[in-house]
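The exercises below are to be worked with the sequence and the model side by side. Each task is followed by a solution in steps.

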Amino acid sequence: MQDLFAEQLKALRAASLDRHLSEISSAQGPEIAVGGDRRARRLINFSSNDYLGLANDSRLREAANAAIEEFGVGAGASRLVSGTQSPHLRLERALAEWKGTEAALCFSSGYAAALGTIPALVTRNDVVLLDKLCHASLIDGAKLSGAILRVFPHSNLRKLESHLEWAQRGHAGRRVLIVTESVFSMDGDRAPLRELVQLKKQFDALLMLDEAHAVGVIGSNGRGLAAEENVSDDVDVQMGTLSKALGASGGYICGSQNLIEWLINRARSFIYSTAPPPAIAAAALAAVNFLSSSEGEQRRLLLWKRIRLMRELLLKLDVGSSALGVGRLDATNKRPTSDAQRSTLNEDHGSAIFACIVGHEQAALDLAAALQSEGFLVPAIRYPTVAKGSARLRITVTASHEEGHIRALCKAIRKLTKSE
């Protein structure tokens, strides 16, 4: 067995697809210490999804500490046995109010939310229609459900409509679930949500929207793309995470009271998991309350100021081949996905995610390593997270970044990828 793993690892290394854990010996922030205490190196951090800089915010720390004093560390059991504590219920009420839905339910992670929810919504002989670039948790949840799975090319509304027509003809009377993200995690582009809602209505389907990379970033008070597009009431299942812009940990589902009651009874990842620590729920509640405030909205607007600066500087980069063997960078973040979006673009279309497409896996690793030598932590994203041959640097901007951080990163990218 050990020899088997050795051969498999060798194959991964040969394809530049092996991965390793890096120790971070500091709190999350715009600058972090990478490596153990004795050999740690301070790097400017462009790898984190802590979009609003809340992961180490005093509000969340104080809320977590107060909850530990009152409720201890562990929840003791699953939510249905004896693990539902007051912080869990307070958080779910706040999430529902914030997102404008009847109810909400929290899970131990976003992955658990997807794995529990999709199989509770659809089963054998039902149909799931999934955007090709959906997160692995959504793909795995769809497969686990046993439903018939059809994938449509990324944001391709014509193909989705064709799939819906096929489902209507061949699976009449069965439940059809459309699954998409609002902001796609590896490209940073937005789903054509209004058009998806129109198709969902036309074919009487259900729509599940993962707002993981939109909440806290897009929409008034960070309520997400559904709120920004004024279609919240038409999205049947709103999924999100507490571990990115909200700075804590966990996932959630927002929707109707009946949906949430059904998940309590049928979502296996909820039923059979110990409840999240009450301190985490208290910290997430503090984040929701902050986002709902005027101060939180100012933090979000500061994030967009940083996003615009990064977009402006990356678009100015004119880089060709380099000594690293890197081809021209394709810095994506502002790509309209439909004719309707193209006609209504404003300067804020996009997200806090910038994908600089490099191509070959080893070239992406080399460029990430070179940037680390320059003092920046920018992850190289490779297959199977993205398609083969589309390896990239994934740059994430946060409200905690200073303008100087962003300008220095773009200067380093220019230096490392300039024409020979």
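A residue counts as buried when its relative accessible area is under 20%, and as exposed when that area is over 50%. The model used here is predicted.

**Exercise 1.** Locate A352 and decide whether A352 is buried or exposed.

Solution. Start with the chain: A352 sits in the loop that runs between α14 (339–343) and β11 (353–359). Next, take the accessibility. The relative accessible area of A352 is 2%, so this residue is buried. Then list what surrounds it. Leaving out residues up to four places away in sequence, A352 touches Y51, V217, L303, I307, I395, T396 and V397.

**Exercise 2.** Find which residues touch the most other members of the largest nonpolar core.

Solution. The largest nonpolar core has 94 residues, and those touching the most other members are L95, M310 and I395. By element, the biggest contribution comes from helix α12 (residues 278–291), which supplies eleven residues. Now take M310 by itself. Beyond its neighbours within four places in sequence, M310 is in contact with F46, F354, I395, V397, I406, L409 and C410. A separate second core, of 28 residues, has A113, A120, M208 and I260 among its members.

**Exercise 3.** Describe how helices α5 and α6 pack: what is the angle at which their axes cross?

Solution. Helix α5 covers residues 110–121 and helix α6 covers residues 136–145; their axes come within 8 Å and cross at roughly 30°. Angles under 35 degrees count as roughly parallel, so α5 and α6 are roughly parallel to each other. The handedness of the α5 and α6 crossing is right-handed. On the α5 side, the contact is made by Y111, A114, L115, I118 and P119. On the α6 side, the contact residues are S137, L138, D140, G141, A142, L144 and S145.

Conventions
Residues are numbered from 1 along each chain as its sequence is written. This is a predicted model: local features need pLDDT of at least 70, side-chain atom pairs count only at pLDDT 80 or more; totals for chains, interfaces and linings use all residues. Side-chain values use heavy atoms; hydrogens and water are left out. A nonpolar core is a set of buried Ala, Val, Leu, Ile, Met, Phe, Trp, Tyr and Cys residues joined through side-chain atoms within 4.5 Å. Buried means under 20% relative accessible area, exposed over 50%, partly exposed in between (1.4 Å probe, protein chains only). Helices (H or I, at least four residues) and strands (E, at least two) are DSSP runs, numbered from the N terminus. Contact means heavy atoms within 4.5 Å. Axes are lines fitted to C-alpha atoms, for helices over the stretch in contact, and angles run from 0 to 180 degrees between N-to-C directions. Angles under 35 degrees count as roughly parallel, over 145 as roughly antiparallel, 65 to 115 as roughly perpendicular and the rest as oblique. A crossing is left-handed if the near helix is turned anticlockwise from the far one by less than a right angle, and right-handed if clockwise.
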